[in-house]
Amino acid sequence: MTQRVCFVTIGATAAFNQLLQAVLNSQFLQTLQASGYTKLLLQYGKDGHSILKAFEVEVASGEADNHGIDISGFDFNKLGLGQEMSSVKAAKDRTEGVVISHAGSGSILDAMRIDVPLIAVPNTSLLHNHQVDLAEELARQGYLVHGHLDNLSAALAESDILRRTRQTWPQQNVGADPSGRGLAGVMDDEMGFYD
């Protein structure tokens, strides 16, 4: 059987339990199943383990339905999330999936560098929140889908369209900075401002 993975990350610094609850919602799981997804992998942070465990209890008791999706999770990977994000890329036994992420800049850049379809969902509960602005602008430029907690199923459908048209993020520079431009040069390169 061909696998299709949806990887969800809430990031490392702030809880985003609303995103975890939204992806464990029966309607969203049904949409995943109808779209050919077989696995839902959650990076749930320091507080989300109880949400996954409560869902597992509900499935076992018949109160909830996982819709045939293999659901698992972990708190955080100290080595980064590159391996998990790469697990959504197409391979001989895998159809390309999607990353659903909080709209933090680090997670967004990681997913864009790996070149995987991305749905960025802003955590609007954060103080001095930049996530909405970032998700809106990168969606406008064609790099990702700006997702909303109340309609992730629509964002999943949008990601299938974006998969064919998305912009490719510039390659990250590796090694020493031969230009001698320092941090300003690195930021220019990351933002795609080339001389």
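Guide: Helices (H or I, at least four residues) and strands (E, at least two) are DSSP runs, numbered from the N terminus. This is a predicted model, in which local features need pLDDT of at least 70 and side-chain atom pairs count only at pLDDT 80 or more, while totals for chains, interfaces and linings use all residues. Residues are numbered from 1 along each chain as its sequence is written, and side-chain values use heavy atoms, with hydrogens and water left out.

First, the setting. The protein has eight helices and six strands. From the N terminus, the elements follow the order β-α-α-β-α-β-α-β-α-β-α-β-α-α. Our strand is β2, residues 39–43.

Start with its cover. A residue is buried under 20% relative accessible area, exposed over 50%, and partly exposed in between (1.4 Å probe, protein chains only). In β2, five of five residues are buried. Of the 195 residues of the protein, 43% are buried.

Now the side chains. In a regular strand they alternate between the two faces of the sheet. Lys39, Leu41 and Gln43 point one way from β2, and Leu40 and Leu42 point the other way.

Next, the neighbours. Two strands count as paired if DSSP finds at least two bridges between them. β1 and β2 run parallel and share five bridges. One of the pairs is Thr9 with Gln43 of β2. β3 (residues 70–74) also pairs with β2 in the parallel sense, again over five bridges. There, Leu41 stands opposite Ser72.

Step back to the whole sheet. It is open, has six strands with parallel pairing, and its order is β3-β2-β1-β4-β5-β6. β3 and β6 (145–146) stand at the edges with a single partner strand each, so one side of each has no neighbour in the sheet.

How does the chain get from β2 to β3? β2, α3 and β3 form a right-handed β-α-β unit. Right-handed means that, with the strands pointing away from the viewer, the path from the first strand over the helix to the second runs clockwise. The loop between α3 and β3 holds His67. Its phi is positive, about 55°, although His67 is not a glycine. His67 is buried, at 13% relative accessible area.

Contact means heavy atoms within 4.5 Å. Leaving aside neighbours within four places in sequence, the contacts of Leu40 include Val8, Val23, Leu32, Ile69 and Ile71.

Nonpolar side chains tend to be buried together in soluble globular proteins. A nonpolar core is a set of buried Ala, Val, Leu, Ile, Met, Phe, Trp, Tyr and Cys residues joined through side-chain atoms within 4.5 Å. The largest one here has 31 residues, and Leu40 and Leu42 are among those with the most contacts inside it, along with Leu19, Val23, Leu32, Ile71 and Ile100. Elements giving two or more residues to this core include β2, β1 (3–9), α1 (17–23), α2 (26–34) and α3 (49–61). Another core lies apart from it, with 20 residues, among them Val5, Ala111, Val116 and Leu118.

Asp115 sits between α5 and β5. Its phi is positive too, near 65°, and Asp115 is not a glycine. Asp115 counts as partly exposed, at 27% relative accessibility.
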